Amino acid sequence: MEYLLSIKNLKIYFNSPQGILKVVENVNIDIDYKEVVGLIGETGCGKSIILKSILGILPKTTSIINGEIIYKGVNLLNLSEKDFYKYRGIEISYIPQHPLESLFPVFTVEEQFRDLILFRNVSNAYRKYYIIKNNKNKLNETYKIIIDWLKNVGIPNVDVVMKQYPFELSGGLAQRVLIAMALSGNPSLLLADEPTTALDVTIQKQIIDLLNSLISKYNFSVLFVTHNLGIARMLTKKIYIMYAGKIVEYGSTDEIFKNPLHPYTWGLLKAIPKLTGEAIKSIEGSIPNYLTPPPGCRFYPRCPYAMDICKIKEPSFIKVNENHYVSCFLYGGEKNE
Amino acid sequence: MKITMYPVFFMEVKKMNEILLKVDKLKVYFTISSGMFIKQKYFLKAVDDISFNIYKNEIFAIVGESGSGKTTVAKSILGIYKVTSGNIFLEGENIVNFKNRKLLARKIQYLYQDPSSSLDPRKKVLDILMEPILVHKLYNKVDAKKIIENYLELVKLPPSSYLNKYIINLSGGEKQRIAIVRLLLLKPKLIILDEPTASLDVSVQAKILELLLDIKNKYDLTYILITHDLSLVKNLANRILVLYLGKIMEIAENNELFLNPLHPYTIMLLSSIPVVTDEELKYIKKRIETIGEIQQLTQVPSGCVFHPRCPYAMEICKNEDPPLIKINENHFVKCHLFKNNF
Amino acid sequence: MKNPKNISKRILASFGIGSFKNIKNENVKLEEFLFKFKRNKLAIVGLSIFIILIFLAVFANWIAPYPQDAGIAVHFNQTLQPPSFKHIFGTDDLGRDIFSRILFGLRYTLIAGLTIPIIGALIGVTLGLIAGYFGKKIGTVIMRITDVFLSIPPLVIALLVISVLGPGLLNIIIALSIDWWSWYVRMVQAEVLVIREQNFVEASYILGSSKFRIIFSHILPNAIFPVIVKITLDMGYAILNVASLGFLGLGITPPTPELGYLVAEGRLFLPNDWWISTFPGLFIFLAILSINLLGDGLRDIFDVEVT
């Protein structure tokens, strides 16, 4: 069965003055059509880097990428810059973490959106710029599209907002504009990089609700990166939990929340303040140094259940059931070989 | 693996302890003068008539969205913003617009949300921590180093490796711990925590919170916790003040607020929490739909400032600012809905 | 025991400079510095040339084949000789060895070039800090005075000062410094306005620090980065200005062999006896070039350090 996006054995290393940073190690992620997938992890675990590698925007000079990223049968890692233009914004879209910083500060919402729609797929845009810009029919069409999309994302006074500059917008409004811009190309896959982290809790809820309604309306897949398990629970069907560049547990959201298995997942759940008022407990230690990651399981130094074998060997994935896989020696795998 | 329980004292706090900080009808207005020739002055009412007490050793939470005025209240207490009217009593003494900075620094301190911006990135840990000691001439050189090392060990940053590190090389959690040590050196009585964990990861958050509770007990501290995370508030706070556009919406004791939230804004905040477990859903007693965004201070609505977003808004809400109504000893709410029942 | 070396290290460190020079614990920083410096070949070239020039200027007494030619000397028997083994750069119309004159002239050029921006920076940075931090009335006063000085070209003011004070190296330095500080005030004031709003400045205030401490311990080190870059680039400009003044015959008393003056001297003999103007001019060019390359390199290194 072909997946919409299939990341296979992805390895991303970076060159640095101190040596090679092994940031992403052997990551496998599958996203089906019309599926919302969450990628959970903390700062520095490599999740944002994975998103950037899907879009092909990692710095070419310092990054070393191995593996495959297969989107609708095409390996994105082999594409040239030119070919990539057919994918960015059209097949695969992106919404960023800091909405206000991601809009051009010197153009109004209308101007940015219009230029995006007019020139998205045009090659040699700089030659055709004035021709396209002055084409009245196309302009009117474009304005209609813009107004429709802005209404779609729940912006109350579209006429006012269109003429505003980004510094006049609030975080929530800016994020809605960005979502509209991302979806205007009718992508099949939306990459969301912690889009609600910088927002207030009430706005966060509104954006999540908005995404949910847009997903059911337009049927696109989402790869949602976040460190907030609560948000992931509200939005995703399937989650991957990532630690220090490796996937440690994955499966359907229901399964994982009902029956979390990996010690890191337990640690995360315990560390979140809950409305029940139960005590929170932090995870000992800190994320490993990517220059010299621990040889066996990367979570070993912080794991309260660590065994000797965890120090030496990397655990492989154990199938718990159809919807649940975990990579930990607690559940087997040590007898192999 | 130790499991520590942090019991939260409720009524006992109020009865047994004295009032550490009393804020009385605090108003902080910023004047904006616009116009080229005829300067029109108008006021941004960042904090509009707020009164509350803080008891010794309690954790008092101020919650609300960004722009509600939480940080303004905090910084007015510290004397950074000029108070337009009202009084602030610290242990009986009126500290409104207090001139003696150094004295106040020994009593009240402030922990910033983002440790990357609150610590000078070009300095070494040692320099940062020596600053309060030098400013207040607390110890001589030898003692100072020892004391700093003790504190660093307390926050689990081994002094031998951390003293000479540059701030720019530390992680968020480490920086926040250094910031905490910096203000502990002054042995303050009251610490204002401004979203202490908002810019940190989940696992790091828990560590910092554990640390904060640890030192609260150890050094006999009182906290004002500013946040918009109600789950955190449930876990930590004794009493909670809900602010919106500079006005009190509701002020109640912890259990009381979660068992019986009255103000629609409070209920809206509760409804927005992304819960992690199904169990927590039972703790959200009421729900309303989350709509709208907080207005700018330049466009404060008339009457009850929350009325544009309130699903229960009545005619009177648009015109009249509601009074603060006492529901019981531990619960006050500012809303027309409850005027006639109590 | 306060070791003076340690104090200077600490001062530099507070400016963020010492971080990569010699702190043993921070091997990372040292490696990073070398890594970046190696990438910037031009900076190394600039540094090398600069060191050579300084060496030549300092040891002019010993290197110059005819040191007396830098002063009052006349050799009518060897006037206007083209470059040869005896006189590497030839002789001028009074028979003086050009190479020796250049070596001594370098001293004036380099001293003036180095001190003028530094004096200008010292005054300018101080005024900029005051204007930026205190703002309001005193800030406005300082900035408007600065505006006045900015609107007049430096050479014009220099001419004015020299006409009052008379010629001489010290007077040139004073003359040019008087206008030089104004650019620094602008730059620093703008930086201070931004830094002043940062949380760590406010945090320092909450801790009870005095304004003095906040300005010199927090604001200054963070504002100094563009100033340092500007100082290195300004050295080139200062040299050019001094040479221009010398060329016009102002500020230097003959027979002082200031490089600009040497170029002027040779002007009358172009193009036949080209060596009299060309070699001094070449050295002016090398001085400015090396300083600029060095400044560029330093800026690249500092830039990444800041981020």
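Good morning. In chain A, the centres of domain 1 and domain 2, taken over C-alpha atoms, are separated by 33 Å. The assignment gives domain 1 as 5-98 + 189-331 and domain 2 as 104-168; such bounds come from an automatic or database domain assignment.

Some conventions before I continue. This is a predicted model, in which local features need pLDDT of at least 70 and side-chain atom pairs count only at pLDDT 80 or more, while totals for chains, interfaces and linings use all residues. Residues are numbered from 1 along each chain as its sequence is written, and chains are lettered from A and ligands numbered from 1 in the order in which they are written.

I turn to chain B. Chain B has 14 helices and 12 strands; these are DSSP runs numbered from the N terminus, H or I over at least four residues for helices and E over at least two for strands. Its radius of gyration, taken over C-alpha atoms, is 21 Å, close to the 20 Å that the globule rule (2.2 Å times the number of residues to the power 0.38) gives for 342 residues, so chain B is as compact as a globular protein of that length. Along the principal axes, the C-alpha trace of chain B spans about 70 × 60 × 40 Å.

Of the 342 residues in chain B, 46% are buried. A residue is buried if 20 or more other C-beta atoms lie within 10 Å of its own, with C-beta atoms placed from the backbone. Among the contacts in chain B with a separation of 6 or more, 65% join residues 24 or more positions apart; a contact requires C-beta atoms, placed from the backbone, within 7 Å.

Next, the contact between chains B and A. Chain B contributes 35 residues and chain A 34 residues. On the chain B side, the elements giving two or more residues are α9 (202-219), α10 (230-236), α12 (264-271) and α13 (278-281). Helix α9(B) gives the most, with seven residues.

Finally, chain C. Buried residues make up 40% of the 307 residues in chain C, and 70% of the contacts in chain C with a separation of 6 or more are between residues 24 or more positions apart.

Helix α11, residues 259-267, is mostly covered, with eight of its nine residues buried. Among them are C:Leu259, C:Tyr261, C:Leu262 and C:Val263, and the buried set also includes C:Glu265. Thank you.

Terms used:
Buried ≥ 20, exposed ≤ 12 C-beta atoms within 10 Å, placed from the backbone. Contact = placed C-beta atoms within 7 Å.
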